[in-house]
Each structure stands twice: as structure tokens, then as C-alpha cells.
Amino acid sequence: MEAIVVSFRRGKHTYKPRQFLLVVDGITREEAKNLIGREVIWESKGKKKKIIKGIIKRLHGNKSTLLAHFEKGLPGQALGTKVKII
């Protein structure tokens, strides 16, 4: 299953560099609850493949957006790219 990295988790003046919001198209809030605890993998493009892993921790809001914690922060180029949910 694939999801799209939408944004950092952020407030008005701060942001959390290891926490990202993910959106999976075509699922309901109840289906999104079943994804909590699953592993997420982001893979960079280019010759040297950089892999950063994370875990889906909880839902964010009412529209089945997921909150994932990554072991390292993703680069800014990761926004708008796809991640794999295992």
C-alpha cells in the first residue's frame, strides 16, 4: 500500500522534524485505524538509494490522515512523494 507525504506535523511557530502526515487515497477512517503500528519506508531517488523507516503512530484529524514517526527526519524533497506501508 502506498501513501503520500503531505507535511510535517507542525504548529503555528514550531514543527516536529521526525513526525509526518501521510494520506492514503480511498480509505475511510475505520480502515485507517487498522494501519496503526505498521512500518513505513521512504526511499530516495537517484543512484544512492537512501532508506528511512518509520512507524504509523495514530490518526490525525477526522479525514483518515495518518501520523508517522520516522527514525530520522525526512529531507524537504520528501514532501509530496510516496512512501510504502508494509
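Student: How many bridges join strand E1 to strand E2?
Tutor: This is a predicted model, in which local features need pLDDT of at least 70, side-chain atom pairs count only at pLDDT 80 or more, and totals for chains, interfaces and linings use all residues. Residues are numbered from 1 along each chain as its sequence is written, and side-chain values use heavy atoms, without hydrogens and water. Strands are DSSP runs of E, at least two residues, numbered from the N terminus, and two of them pair if DSSP finds at least two bridges between them. E1 (residues 2-10) and E2 (residues 15-23) run antiparallel, and the number of bridges joining them is six.

Student: Which residue in E2 is the bridge partner of Ser7?
Tutor: Ser7 has its bridge partner in E2. That partner is Leu21.

Student: In what order do the six strands close into a barrel?
Tutor: The pairing in the barrel is antiparallel. Strand E3 (residues 39-43), for instance, pairs with E4 (residues 51-60) over five bridges and with E6 (residues 82-85) over two. The barrel order is E1-E2-E5-E4-E3-E6.

Student: Which residue in E6 is the bridge partner of Ile41?
Tutor: E3 and E6 pair in the antiparallel sense. The partner of Ile41 in E6 is Lys84.

Student: Is Thr65 buried or exposed?
Tutor: Thr65 lies in strand E5 (residues 65-70). Buried means under 20% relative accessible area, exposed over 50%, and partly exposed in between (1.4 Å probe, protein chains only). Because its relative accessibility is 16%, Thr65 counts as buried.

How values were computed:
Helices (H or I, at least four residues) and strands (E, at least two) are DSSP runs, numbered from the N terminus.
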